[in-house]
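I opened the model for a quick tour and kept short notes as I went.

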Amino acid sequence: MVIDGIDGPKDTQVAALIGRVDRRGRMLWSLPKGHIELGETAEQTAIREVAEETGIRGDVLAALGSIDYWFVTEGHRVHKTVHHYLLRFQGGELSDDDVEVTEVAWVPLRDLPSRLAYADERKLAEVAGELIDKLHTDGPGALPPLPRSAPRRRPQTHSHARTHRRDDSAQPQPRRRTNGCGQGP
């Protein structure tokens, strides 16, 4: 989450968000994020992805937290962990040149709870607000140290993907639906 005006009054601070249109045609606003490239740390990835998706340069100040979720792509169920950081705006111009991004916008911090599409990211915005308050009252030394992050040594794969392959020699079994709380009908 890159913030412009982080050292000024809170009512003038804005965060850079990206918008993507979902399958239903709705604009969903979220924080920039992406894959850790070979040889990159999570912090370096945050800086690069913010620049690629928004045109903005920033410096990492603190970790905001991580979000874990699952999604399905090409028949594979994939587990993803996204590490989020608080960044200070250093320059650049807001741009939606990235093909994965439909729109970009500077959004006042007070509007993040109503603008961010995902509850987990709204919680991170609260954490960012608390860290900014700490930065204002106690200075940069009061921010928690960044967690250790080693550069990625292997190409990113779907190592946490689950595939369900049926043994062709076995008789097909009826599929049961579940809602996560046990067997369905």
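Pairing here needs at least two bridges between two strands as DSSP finds them. Strands are DSSP runs of E of at least two residues, helices are runs of H or I of at least four, and both are numbered from the N terminus. G19 has W29 in β3 as its bridge partner. The β2 and β3 hairpin leaves 5 residues between the strands, and G25 has a positive phi near 85° there.

A note on provenance: this is a predicted model, where local features need pLDDT of at least 70 and side-chain atom pairs count only at pLDDT 80 or more, while totals for chains, interfaces and linings use all residues. Residues are numbered from 1 along each chain as its sequence is written, and side-chain values use heavy atoms, with hydrogens and water left out.

Next I checked β4 and β5. How many bridges join β4 to β5? I found 16, and the strands run antiparallel. G58 sits opposite F89 in β5. These two strands also make a hairpin, with 2 residues between them, and E74 in the turn has a positive phi of about 50°. β5 pairs with β1 as well, in the parallel sense, over 2 bridges. On that side I noted I3 opposite R88 in β5.

Then I stepped back to the whole protein. I counted 3 helices and 6 strands, in the order β-β-β-α-β-β-β-α-α along the sequence. Of the 185 residues, 34% are buried, where buried means under 20% relative accessible area, exposed over 50% and partly exposed in between (1.4 Å probe, protein chains only). For contacts (heavy atoms within 4.5 Å), I looked at those with a separation of 6 or more, and 65% of them are between residues 24 or more positions apart. The accessible surface is about 12,100 Å², with 48% of it on carbon and sulfur atoms; the areas come from Shrake-Rupley with a 1.4 Å probe, and for residues only the protein chains shown count as cover.

On to helix α1, residues 42-54. Its 13 residues reach 18 Å from first C-alpha to last, close to the 18 Å expected at 1.5 Å a residue; the expected span is 1.5 Å times one less than the number of residues. Which elements cover the buried residues of α1? The cover includes β1 (2-4), β2 (14-21), β4 (56-73), β5 and β6. Among those buried residues I listed A42, A46, V50 and also E43, E49 and E53. After α1 comes G55, with a positive phi near 85°.

Apart from neighbours within four places in sequence, R48 is in contact with H35, E37 and E40.

Last stop was D96, in the loop between β5 (76-92) and β6 (103-108). D96 is at 37% relative accessibility, so I logged D96 as partly exposed. Its contacts beyond four places in sequence are V101, T102, E103 and V104. I also noted 8.1 Å between the C-alpha atoms of D96 and I18, which are 78 residues apart along the chain.
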